[in-house]
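Colleague: I would like a close look at a single part of this model. Please keep it short and plain.

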Amino acid sequence: MTDPSPFPLRTSERAVLDRVTDLATEFGAVAADYDERAEIAVDHLTALHEAEVDRAVLPERVGGTGLSYGAFGQLVRTLAKADPSTATIWTMHAGAGVALAEITADTLGSFFAEEFLAGKRFANALSEPASGNRFLQPQQEAVSAPGGWELTGAKRFVSGAEIADYLLVNALVDGEPTFFGLAPDATVSIIPIWDTLGLRATRSQLLSFERTVLPAEYRGRRPGAADFAVIPAGLPALSLGIANAALDALVEHANSRVILGAPLSHQQWVQHEVADAQTRLAAAHALYEQALWQADNGIPAFLPTLGRSKYLANKVAVDVAQLGVRVGGASGYLKRSPIQRHLRDAEAGQLMAYSTEVLAGVIGKEVLGVAD
């Protein structure tokens, strides 16, 4: 495959990316069908595991082979362009599995790493209905109970919840955000309200916790800057992959649709709009690449840069997808068209924590020097 990354990748990383590229072609051919049925593509997730992608994303220090941030970003973008729902579930699965292996490294980290490498499914159960989109700052209290702490509450947008063997859960313990691994039991239930417009095949359910015991032995430390930041690094890539797919669909339609004897791509307004969209998308990729380079080189600014890249990627993805609908016209608005699916999926990226509104507040305050 042609490597679009400006950063050097190890031979082992290139091999993983080659396997993912081949799988992505297969995934893309049926992504619309899974979206229509709002069904998790379990076979896609299994194929990724069998291709050693889980082992690759797990850092070497906890038993994996350890992708660089540069390779990870390329991997997620490749998946998201082909099948954004699978890319989202896998990113959340990897985020929870890697986090539990790292934050419990002094206790049960090897257990969670081994379960992750064995193919068990992990999911993030962090966002709360009333947490204001800040998933690392829970508002729900867990109270002391035999064997650990007891949680009653809800967690929303838990991608892949229905197939998860383990959850990464957070709650306040003595007023402090605290993180736990959890094997769901009868006290954890799904609230059946899943019926979204976009990323339908993630089935990101709302979970109810009713006096659920968060085991003391599964308690971990708070995620730190030295941990592999799967979720912050993955979220911009999801939107960028969707934007890439939307732009490709737009170009294909513009070149195949003939208006007044010439392809639609010959119309000046289409050329001007596409020039703006493609340039802004390239800028979003460049900002994301900068964040990945900072992360791989231990520069602390990588997290704020990832926040900026998510903000820009979310907005550009929506803009590119909306332009696709405009260029597609009535045929782009049909349910069978990939153009409308790209728009629905692009909108979902803006809602993922931190949402564009929350990020705008964080970035704006920093630029203006406004203290919290």
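Which residues form one aromatic cluster?

Modeller: Phe111, Phe112, Phe116, Phe122, Tyr166 and Tyr218 form one aromatic cluster. First, some ground rules. This is a predicted model, where local features need pLDDT of at least 70, side-chain atom pairs count only at pLDDT 80 or more, and totals for chains, interfaces and linings use all residues. Residues are numbered from 1 along each chain as its sequence is written, and side-chain values use heavy atoms, with hydrogens and water left out.

Now the rings. A pair of aromatic rings is described by the distance of the centres and the angle of the planes. Rings of Phe, Tyr and Trp (its six-membered ring) pair if their centres lie within 6.5 Å; planes under 30 degrees apart count as stacked, over 60 as edge-to-face and the rest as tilted. By this rule there are 13 aromatic pairs.

Take Phe111 and Tyr166. Their ring centres are 5.9 Å apart and their planes stand at 90°, so the pair is edge-to-face. This pair links distant parts of the chain, 55 residues apart. Phe111 belongs to helix α6 (residues 109-117), and Tyr166 to strand β4 (residues 166-173). Helices (H or I, at least four residues) and strands (E, at least two) are DSSP runs, numbered from the N terminus.

Burial comes next. Buried means under 20% relative accessible area, exposed over 50%, partly exposed in between (1.4 Å probe, protein chains only). Phe111, at 27% relative accessibility, counts as partly exposed. Tyr166 is buried, at 8%.

Phe112 and Phe122 also make an edge-to-face pair, with 6.5 Å centre to centre and 70° between the planes. Phe112 sits in helix α6 and Phe122 in strand β1 (residues 122-125), 10 residues apart. Both Phe112 and Phe122 are buried.
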